[in-house]
Amino acid sequence: MADTIDPSATSPPLHFPEKDNLAHTKSMNEVIHNAKNATEKEHSMTLWQGLKLYPKAVGWSVLISTCIVMEGYDLCLLSSFYAFPQFNKKYGKQLPNGDYQIPAPWQAGLSNGANVGEIIGLFINGYVSERFGYRYTVMTCLTLIIAFTAIFFTAQTVVHLQVAEILCGIPWGVFQTLTITYASEVCPVALRGYLTTYVNFCWGLGQVIGIGVIKSMLPRHDEWAYRIPYGLQWMWPVPLLIGVALAPESPWWLVRKGRTEEAKKSLLRLTSLDKETDFDADETISMMVHTTALEEKITKGASYLDCFRGTDRRRTEIVCMVWAIQNLSGNSFSGYSTYFLQQAGLETSKAFDFSLGQYGINMIGVFGAWFLMSWGIGRRALYLYGLCGLCTMLFIMGFLGLVPEAHRKQSSLATGSIMLVWALFYQLSVGTVCYSLVAELSTRRLQIKTVVLGRNLYNIVGIICSVLTPYMLNPGEWDWGNYAGFFWAAICFCCIVYTYFRLPEPMGRSFAELDLLFERGVSARKFKTTQVDVFSEEVDERTLGNYEEKLEVRHLELESAGGGAVKS
């Protein structure tokens with residue numbers, strides 16, 4: 001691993017180490033020339049140009065990301081059902097005051113059941129999607145969702161719900177990472193931040209639908225009050241299954257498998273050539289081949305263990321922490337908002353109204369983050385300053401717990417309002433930008449496995465938070481109420497310190513440029529200003545071998561036909 005350096009904007013561009021130099025060949029020079037042209041075009045591409053050139057990529061990415069709506073919907077059901085009288089009466093126990101509550105151990109167990117299933121699904125995804133491709137993996141998981149939803153719909157005891165949460169968690173775990181990876185690989189740099197963060201919009205959409213369905217069920221007092229919301233989960237998989245079957249495979253995945261001709265066909269299905277005459281599919285495929293070759297030189301293997309070797313150790317650490325900070329900044333506290341507000345003194349219907357507003361903000365916040373990114377505000381800045389805002393809101397929430405009991409109603413309304421402001425800060429920054437960061441900061445070669453490890457740390461932290469939060473809020477346990485805000489504010493402050501020193505700025509960088517910045521050990525605070533040149537060094541001939549042979553054949557065919565280069 002190269003020694004850490006301290007570059008600046010006026011320093012000469014960074015290069016890969018000379019020890020990695022290999023002899024030039026005619027075909028390799030052409031690959032590098034084409035890759036350089038494609039990279040320059042991506043750097044100069046505006047958002048509007050990207051939308052005109054890649055409208056199909058946007059559509060397919062949006063379709064596959066919609067799988068996340070199912071998970072947002074169900075997890076919203078679970079946390080909201082804890083404040084749902086009919087659900088509590090069926091699956092809970094009666095308290096001394098006559099009310100019914102799901103015991104805190106079972107609340108933690110149900111929430112953790114989904115997390116455990118997701119951890120299993122994530123690790124499976126690290127192997128399966130890289131071997132069989134993204135499309136077939138998603139289609140298989142959608143089929144499993146159809147089967148597992150039946151357990152939710154027919155559950156007679158809390159144990160049945162536990163089994164359903166674990167089993168459904170497996171395909172949900174696959175969706176958590178595969179949707180982000182697909183979005184990052186089918187679009188250019190100009191669209192990458194928008195399509196990867198759209199995944200967070202899907203979370204918000206699922207939550208809004210879920211809370212709306214539950215609110216509409218409040219007047220019912222029979223078992224269908226909670227069975228209908230569970231049964232509605234069947235409305236998602238079939239149309240998504242049809243759409244994913246028609247979608248093109250990721251061209252990056254095909255290049256990693258050496259199937260460059262198929263990668264070109266897939267790329268052409270993602271673009272509209274008549275909208276951007278300067279586009280050359282061969283140049284873009286060359287860029288993918290070149291980047292893959294660079295990463296094979298830097299990263300010797302492609303196993304989970306390789307994520308902790310060399311420069312990839314730092315990348316894995318950052319991706320893991322970016323995911324974990326979502327939970328550590330108070331997200332798990334917010335996930336229990338309906339239940340929390342009910343315990344703070346709001347009546348059930350008003351608690352659901354506040355939660356509906358919060359989840360609506362989750363969706364609007366994504367568009368707000370897009371607006372800020374379009375202004376040129378970087379991912380690092382949004383993430384860091386967003387954490388500062390979250391920390392402030394959590395401290396305010398804690399201090400509201402000091403309001404006298406005589407003013408409890410006013411205090412609970414103020415708490416609900418602060419939670420809405422917290423949700424806005426969260427979705428404008430940490431909640432949305434996280435999806436872009438984890439997709440950009442990992443190598444293409446190890447991306448799925450790196451994101452899997454990061455999301456699994458998120459789930460492990462989520463399990464811990466899911467155990468603590470019910471005890472903090474449950475009146476039959478610790479009953480902290482608003483004082484829980486102080487606990488999460490302190491944790492959030494620690495996250496601010498980490499982010500300042502460790503989180504780099506990937507905005508506007510190609511994947512190859514990010515590889516070089518990490519390879520040379522550039523400080524996180526210097527990523528934005530450091531100049532790089534990824535095309536001055538040679539890459540692994542073995543990786544380019546098949547592609548070079550195809551280029552040689554193409555040259556011979558052109559020469560025999562009288563010459564002349566043809567644009568794709």
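## The whole chain

Of the 568 residues of the protein, 60% are buried, meaning under 20% relative accessible area, with exposed over 50% and partly exposed in between (1.4 Å probe, protein chains only). This is a predicted model, in which local features need pLDDT of at least 70 and side-chain atom pairs count only at pLDDT 80 or more, while totals for chains, interfaces and linings use all residues. Residues are numbered from 1 along each chain as its sequence is written, and side-chain values use heavy atoms, with hydrogens and water left out.

Colour by secondary structure. The protein has 24 helices and two strands; these are DSSP runs numbered from the N terminus, helices being H or I with at least four residues and strands E with at least two.

Now show the surface. Its accessible area is about 21500 Å², and 64% of that belongs to carbon and sulfur atoms. Areas come from the Shrake-Rupley method with a 1.4 Å probe, and for residues only the protein chains shown count as cover.

## The core

Select Phe84, Phe87, Phe175, Trp323, Tyr383 and Leu387. These have the most contacts inside the largest nonpolar core, which has 152 residues. Helix 9 (residues 189-217) gives the largest share of this core, 13 residues. A nonpolar core is a set of buried Ala, Val, Leu, Ile, Met, Phe, Trp, Tyr and Cys residues joined through side-chain atoms within 4.5 Å.

Which residues does Trp323 touch, leaving aside those up to four places away in sequence? They are Ile180, Cys434, Tyr435, Val438, Val451, Gly454, Arg455 and Tyr458.

Cys434, Tyr435 and Val438 are among the buried residues of helix 20, so select residues 430-441 next. The expected span is 1.5 Å times one less than the number of residues.

Go to Gly330, in helix 15 (residues 311-335). Gly330 is buried, with a relative accessible area of 0%. Beyond residues up to four places away in sequence, Gly330 touches Leu394, Trp422 and Trp488.

Then select helix 7 (residues 134-154). Its 21 residues should span 30 Å, and the end C-alpha atoms are 31 Å apart, which agrees. Buried residues here include Tyr134, Arg135, Met139, Phe148 and Phe152.

Zoom in on Thr137, also in helix 7. Is Thr137 buried or exposed? Thr137 is buried, at 5% relative accessible area. Not counting residues up to four places away in sequence, Thr137 touches Asn125, Val128, Ser129, Val174 and Leu178.

## Salt bridges

The whole structure has 13 salt bridges, each a side-chain nitrogen of Lys or Arg within 4 Å of a carboxyl oxygen of Asp or Glu.

- Select Glu283 and Lys41. Their side chains meet in a salt bridge at 2.8 Å, N to O. Glu283 lies in helix 14 (residues 281-298) and Lys41 in helix 1 (residues 26-44), so the pair ties together parts 242 residues apart in sequence. Glu283 is buried at 8%; Lys41 is partly exposed at 21%.
- Select Asp306 and Arg309. Their closest N and O atoms are 2.8 Å apart in a salt bridge. Asp306 is buried at 8% relative accessibility, whereas Arg309 is partly exposed at 45%.
- Select Glu262 and Arg259. This salt bridge has its closest N and O atoms 2.8 Å apart. Glu262 is partly exposed at 38%, and Arg259 is partly exposed at 32%.
- Select Glu130, Glu185, Arg256 and Arg444. A network of salt bridges links them.

## A nonpolar patch

Finish on the surface. Select Phe395, Phe399, Leu402, Trp478, Trp480, Tyr483 and Phe487. Together they form a nonpolar patch with about 690 Å² of accessible area. Patches are made of residues with over 30% relative accessible area and no salt bridge; like charges are joined within 9 Å, and nonpolar side chains (Val, Leu, Ile, Met, Phe, Trp, Tyr) within 5 Å. Phe395 belongs to helix 18 (residues 379-399) and is partly exposed, with a relative accessible area of 34%.

Methods: Contact means heavy atoms within 4.5 Å.
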